[in-house]
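Reader: I have a structure here that is new to me. Could we go through the terms used for it and see where each one comes from?

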Amino acid sequence: QVQLVESGGGLVQAGGSLRLSCAASGRTLSRYAMGWFRQAPGKEREFVGANSWSGGNTYYADSVKGRFTISRDGVKNTMYLQMNSLKPEDTAVYYCAAAMTARPFPIIIATSGYDYWGQGTQVTVSS
């Protein structure tokens, strides 16, 4: 079992930055593909970005490409989402997710591909 806890959300003005953290316990994340998703009110949960177990492959949704960056700290067993140049349309609850994969390189984009989810952290971007 993997427990995931997100933190770092908050209120920020458009153009600002936030760094979200996803701290894991129970298992090391070194064998898990990881992803970030978000859900705005009245909308379905959508893919933001994903990172392979190896850390060598990362993929982002077009809406955040060039603004958001995923990274991991193996010592802290934590994944991060650095969000720059934030826009009001980035307002949502952000979730991290983990999936055990047999190989180190796959990236998982679908929500159904993940085994574990955090509780989410609210990000609000004011105009």
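Reader: Are C22 and C96 buried or exposed?

Author: This is a predicted model, and in it both C22 and C96 are buried.

Reader: What makes C22 and C96 a disulfide?

Author: The cut-off for two cysteine sulfur atoms is 2.5 Å. The S to S distance of C22 and C96 is 2.1 Å, which is within 2.5 Å, so the pair counts as a disulfide. The structure holds one disulfide.

Reader: Why is the disulfide of C22 and C96 called right-handed?

Author: The torsion about its S-S bond is about 65°, and therefore the disulfide of C22 and C96 is right-handed.

Reader: How many aromatic pairs does the structure hold?

Author: There are six aromatic pairs. One of them is formed by F37 and Y114.

Reader: Why is the pair of F37 and Y114 called edge-to-face?

Author: Planes over 60 degrees apart count as edge-to-face. The planes of F37 and Y114 stand at 80°, with the ring centres 5.4 Å apart, so this pair is edge-to-face.

Reader: What does the pair of F37 and Y114 tie together?

Author: F37 is in strand β4 (residues 32-39), while Y114 is in the loop between β9 (92-100) and β10 (116-117), so the pair ties together parts that are 77 residues apart in sequence.

Reader: What makes the pair of F37 and W117 tilted?

Author: Their planes are 55° apart, and the centres 5.1 Å. An angle under 30 degrees would be stacked and one over 60 edge-to-face, so the pair of F37 and W117 falls among the rest, which are tilted. Because F37 lies in strand β4 and W117 in strand β10, this pair ties together parts that are 80 residues apart in sequence.

Reader: How do you know that F37 counts as buried?

Author: Buried means under 20% relative accessible area. F37 has 1% relative accessibility, so F37 counts as buried. W117, at 27%, counts as partly exposed.

Reader: Which residues form the aromatic cluster?

Author: F37, F47, Y59, Y114 and W117 form one aromatic cluster.

Reader: How do you know that R45 lies over the face of W117?

Author: The distance limit is 6 Å from the ring centre, with an angle limit of 35 degrees from the ring normal. R45 lies over the face of W117 at 4.9 Å from the ring centre. R45 also lies over the face of Y95, at 3.7 Å from the ring centre.

Note on methods
Residues are numbered from 1 along each chain as its sequence is written. This is a predicted model: local features need pLDDT of at least 70, side-chain atom pairs count only at pLDDT 80 or more; totals for chains, interfaces and linings use all residues. Side-chain values use heavy atoms; hydrogens and water are left out. Rings of Phe, Tyr and Trp (its six-membered ring) pair if their centres lie within 6.5 Å; planes under 30 degrees apart count as stacked, over 60 as edge-to-face and the rest as tilted. Helices (H or I, at least four residues) and strands (E, at least two) are DSSP runs, numbered from the N terminus. Buried means under 20% relative accessible area, exposed over 50%, partly exposed in between (1.4 Å probe, protein chains only).
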